[in-house]
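Subject: A structure for you to look at

Hi,

I am passing on the structure I mentioned, together with some notes for a first look. Please open it next to this email and follow along.

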Amino acid sequence: MAKCDVCGKGVVFGLNVSHSNRKTARTWKPNIRKVKADVNGTVKTVKVCSRCLRSNKVTRAN
């Protein structure tokens with residue numbers, strides 16, 4: 001499941017609209033990365049979106 005464990009960002013649904021105004025379903029998926037992070041003093045693999053990684057909401061473990 002494409003969902004961030006930190007902020008909860010997930011899949012968003014919408015429509016592709018062609019030039020002739022035909023509509024087909026589509027999805028926007030968040031940029032999820034599996035990262036080894038320090039969670040309460042233990043190292044865990046966490047699914048995190050790239051925005052949370054950039055804004056330092058997650059401390060990466062080495």
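Let me begin with the contacts, meaning heavy atoms within 4.5 Å. Of those in the chain that link residues at least 6 apart in sequence, 26% join residues at least 24 apart.

A word on how to read everything here: this is a predicted model, in which local features need pLDDT of at least 70 and side-chain atom pairs count only at pLDDT 80 or more, while totals for chains, interfaces and linings use all residues. Residues are numbered from 1 along each chain as its sequence is written, and side-chain values use heavy atoms, with hydrogens and water left out.

Now the overall layout. The chain has 1 helix and 4 strands, in the order β-β-β-β-α from the N terminus. These are DSSP runs numbered from the N terminus, with helices (H or I) of at least four residues and strands (E) of at least two. Along the principal axes, the C-alpha atoms fill a box of roughly 55 × 20 × 15 Å. The radius of gyration of the chain is 16 Å, whereas a compact globule of 62 residues would have one near 11 Å (taken over C-alpha atoms; the globule rule is 2.2 Å times the number of residues to the power 0.38).

What about the interior? Of the 62 residues, 18% count as buried (under 20% relative accessible area; exposed is over 50% and partly exposed in between, with a 1.4 Å probe and protein chains only). The largest nonpolar core has 8 residues: Cys4, Ile32, Ala37, Val46, Val48, Cys49, Cys52 and Val58. Strand E3 (32–39) and strand E4 (42–49) are the elements that give two or more residues to this core, and E4 has the largest share, with 3 residues. Such a core is a set of buried Ala, Val, Leu, Ile, Met, Phe, Trp, Tyr and Cys residues joined through side-chain atoms within 4.5 Å. Leaving aside residues up to four places away in sequence, cysteine 49 touches Cys4, Cys7, Asn31 and Ile32.

With residues up to four places away in sequence not counted, lysine 57 touches Val6 and Cys52.

Finally, arginine 26 lies over the face of tryptophan 28, at 3.9 Å from the ring centre (the cut-offs are NZ of Lys or CZ of Arg within 6 Å of the ring centre and within 35 degrees of the ring normal).

Enjoy exploring!

Best wishes
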